[in-house]
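Colleague: Could you walk me through how this one packs together? I would like to start with a pair of helices and then move on to the core.

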Amino acid sequence: MNYLHFAIYDDLIANFFLDKLFLWFPTTRVNVNYNMPDTDRKSGISILREYLVYGRTNVSGAVEAFLRLPYFNNFLQEKEQKEKGKFARHLKKYVSMFVPGAGFEVSSTKRYTGQMEACIIANKHWQAGEYIKNCTGSVCCLTSEADQLLRSEGKDFSVMLSQRYKHAFLFLGPARFMNHDCNPNCAFVKHGNEVTFRAVRAIKPGEELTVKYGDHYFGINNSECRCAT
């Protein structure tokens, strides 16, 4: 998938579920000039309650219900069926965050920059070795030109460098809100283009979930890192 299409999908979905439904501040976006449609917050909350909170959990049913909302339906009207399928799969990643027992929630922090930004907080006990399977994301390969463009525009917050392949990827989905720490409590788990996490030590409710982005992500030996660990 073209990285710009991928980014628009993520920007649109994150704006609905996070910026407008629960966080009330703008999360980072690749397409900062994209004109977001009006959000029907009441309908969004109702769908989450109907399909995920009350009765049996039905993630697929919730995704279908969200896709019928004008917010998403209008965006997808001119798209081919294949593109609609890709969008629905990415939407499902965000819906899955709200499954009871997911074990985490997206919250806010000023820990890193002094400015309000998103983070992921545990809301249950996690044991070392457990997979945080509902916190997922996808990666899209970037050309060197696209990588340089995103960095020059200050939009490289979700650009990751594969140590194995020495290649840049755009990392999007709810998992992108897991912040870096030099002494993290989680580790990346990658299956093809899909990414999730595994707890590397015991984690308590209320503790921020963190992962190490790389040995030199924030300068040599992460000397410019602001995690304070």
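**Helix contact and core**

Modeller: In α1, F16, K20, L21 and F22 meet R41, G44, I45 and L48 of α2, where contact means heavy atoms within 4.5 Å and helices are DSSP runs of H or I with at least four residues, numbered from the N terminus. This is a predicted model, in which local features need pLDDT of at least 70 and side-chain atom pairs count only at pLDDT 80 or more, while totals for chains, interfaces and linings use all residues. Residues are numbered from 1 along each chain as its sequence is written, and side-chain values use heavy atoms, with hydrogens and water left out.

Colleague: At what angle do the axes of α1 and α2 cross?

Modeller: The axes of α1 (residues 3-23) and α2 (residues 41-53) cross at roughly 100° and come within 10 Å, which makes α1 roughly perpendicular to α2, a label for angles of 65 to 115 degrees.

Colleague: Switching topic, which residues touch the most other members of the largest nonpolar core?

Modeller: Those are F17, F66 and F72, in a core of 59 residues; such a core joins buried nonpolar residues (under 20% relative accessible area) through side-chain atoms within 4.5 Å. The largest share of this core, 10 residues, comes from α1.

Colleague: And D10, is that buried or exposed?

Modeller: D10, which is found in helix α1, is buried, with a relative accessible area of 0%. Leaving aside neighbours within four places in sequence, D10 is in contact with H90, Y94, L172, G173 and R176.

Conventions:
Axes fitted to C-alpha atoms, helices over the stretch in contact; angles between N-to-C directions. Helix = DSSP H or I, 4+ residues; strand = E, 2+ residues; numbered from the N terminus. Parallel < 35°, antiparallel > 145°, perpendicular 65-115°, else oblique. Buried < 20%, exposed > 50% of the residue type's maximum accessible area, 1.4 Å probe, protein only.
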